[in-house]
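Please read these notes with the model open beside you. They go point by point.

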Amino acid sequence: MRYVASYLLATLGGNSSPSAKDIKKILDSVGIEADDDWLNKVISELNGKNIEDVIAQGIGKLASVPAGGAVVISTAPGSAAPAAGSAPAAAEEKKEEKKEELEESDDDMGFSLFE
């Protein structure tokens, strides 16, 4: 992911076809040592492609991925039935805690990547 992010940063900076040297420079600036195999793979896959088109195709593919899920509760003979009834309440509490943590982390940084 770091290689793709560095490639995107280079293209946002105006370099329409970043080289391995360009991406290594970005990664080195934040203290990450680049793996040449991964770096060459990313460059070979993205070289010569319009980044906006690649992103649009990726969004289309992500739209078909199921997100969210139903809770499957198995009630085998001898299992405690009251525990199954408390599962949705526990799930709601966890969601609220995660939401509060996300809000706090946004406040700490002063911005959100998704807004």
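**Notes on the helices**

1. Helices here are DSSP runs of H or I with at least four residues, strands are E runs of at least two, and both are numbered from the N terminus.

2. The basis is a predicted model, in which local features need pLDDT of at least 70, side-chain atom pairs count only at pLDDT 80 or more, and totals for chains, interfaces and linings use all residues. Residues are numbered from 1 along each chain as its sequence is written, and side-chain values use heavy atoms, with hydrogens and water left out.

3. The protein chain has five helices and zero strands. Its elements read α-α-α-α-α from the N terminus on.

4. Of the 115 residues in the protein chain, 13% are buried. Buried means under 20% relative accessible area, exposed means over 50%, and partly exposed lies in between (1.4 Å probe, protein chains only). The protein chain exposes about 9500 Å², with 57% supplied by carbon and sulfur atoms. These areas come from the Shrake-Rupley method with a 1.4 Å probe.

5. Which residues of helix 3 are buried? In helix 3 (residues 36-46) they are Leu39, Val42, Ile43 and Leu46. Seen down the helix axis, they fall within an arc of 95°, so they line one face of helix 3. The arc is taken from the directions from the helix axis to the C-beta atoms. An α-helix has 3.6 residues a turn, so residues three or four places apart point the same way.

6. The buried residues of helix 3 pack against helix 1, helix 2 and helix 4 (51-63). The face turned away from the buried side carries exposed Asp37 and Ser44.

7. The axes of helix 1 (residues 2-12) and helix 2 (residues 20-29) come within 9 Å and cross at roughly 110°. That makes helix 1 roughly perpendicular to helix 2 (65 to 115 degrees). Axes are lines fitted to C-alpha atoms, for helices over the stretch in contact, and angles run from 0 to 180 degrees between N-to-C directions.

8. Arg2, Tyr3, Ser6, Tyr7, Leu9 and Ala10 in helix 1 meet Ile23, Ile26 and Leu27 in helix 2. By class, this contact has seven nonpolar, one polar and one charged residues. Contact means heavy atoms within 4.5 Å.

9. Look at Ser6 in helix 1. Ser6 is buried, with a relative accessible area of 4%. Leaving out residues up to four places away in sequence, Ser6 touches Ile23, Ile26 and Leu27.

Notes
Angles under 35 degrees count as roughly parallel, over 145 as roughly antiparallel, 65 to 115 as roughly perpendicular and the rest as oblique. Ala, Val, Leu, Ile, Met, Phe, Trp, Tyr, Cys and Pro count as nonpolar, Asp, Glu, Lys and Arg as charged, and the others, Gly among them, as polar.
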